[in-house]
Amino acid sequence: MGRLIYNSSHRELEIDDRTLAHLRVAILNKLRRSESFAFTWEHGVENGSGRTTMWLHESIPLQFVFSGNRTPKLNRLWIEQLLLQANSTGGLQWTPEPTESDEFTAE
């Protein structure tokens with residue numbers, strides 16, 4: 001499990017390395033263009049349910065900490081979906097990884 005650490009917050013978001021790698025690409029693409037956006041995630045039942053939203057801005061420190069040393073092969077369709085969400089009024093939210101068959105049905 002990797003971690004997303006935003007600012008100097010004591011809260012760290014634990015995310016599996018594969019998902020974190022895809023979020024990293026989407027988030028850094030937005031921030032390098034100076035585009036701020038909301039990022040929302042659900043806590044899950046094991047963490048008391050609920051959800052958190054934070055505003056991501058290029059001037060606030062952000063760390064992506066991976067537990068493994070191998071970079072996963074990235075799924076272009078998943079990154080595109082994450083970027084579309086980040087550009088929406090609802091902001092970026094976790095979405096399951098699409099399969100190759102999803103790519104053919106989306107066209």
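A salt bridge, as I use the term in this notebook, is a side-chain nitrogen of Lys or Arg within 4 Å of a carboxyl oxygen of Asp or Glu.

**Entry on the model.** I noted that this is a predicted model, in which local features need pLDDT of at least 70 and side-chain atom pairs count only at pLDDT 80 or more, while totals for chains, interfaces and linings use all residues. Residues are numbered from 1 along each chain as its sequence is written, and side-chain values use heavy atoms, with hydrogens and water left out.

**Entry on salt bridges.** I looked up how many salt bridges the structure holds, and the count is five. One of them joins the side chains of Arg-18 and Glu-97, at 2.7 Å from N to O. Arg-18 lies in helix 1 (residues 17-32), whereas Glu-97 sits in the loop between strand 6 (92-93) and helix 3 (100-106), so this pair ties together parts that are 79 residues apart in sequence. Helices (H or I, at least four residues) and strands (E, at least two) are DSSP runs, numbered from the N terminus.

I then checked accessibility, where buried means under 20% relative accessible area, exposed over 50%, and partly exposed in between (1.4 Å probe, protein chains only). Arg-18 counts as partly exposed at 29%, and Glu-97 is partly exposed too, at 31%.

**Entry on a network.** Which residues are linked in a network of salt bridges? I found Lys-30, Arg-33 and Glu-35 linked in this way. Lys-30 forms a salt bridge with Glu-35, with their closest N and O atoms 2.9 Å apart, and the side chain of Glu-35 also meets that of Arg-33, at 3.6 Å from N to O. Lys-30 is buried, at 4% relative accessibility, whereas Glu-35 is partly exposed at 29% and Arg-33 is partly exposed at 43%.

**Entry on aromatic rings.** I next looked for aromatic pairs, for which rings of Phe, Tyr and Trp (its six-membered ring) must have centres within 6.5 Å; planes under 30 degrees apart count as stacked, over 60 as edge-to-face and the rest as tilted. The count comes to one aromatic pair. The rings of Phe-39 and Trp-41 have centres 5.6 Å apart and planes at 40°, so I recorded the pair as tilted. Is Phe-39 buried or exposed? Phe-39 is buried, with a relative accessible area of 2%, and Trp-41 counts as buried at 10% relative accessibility.
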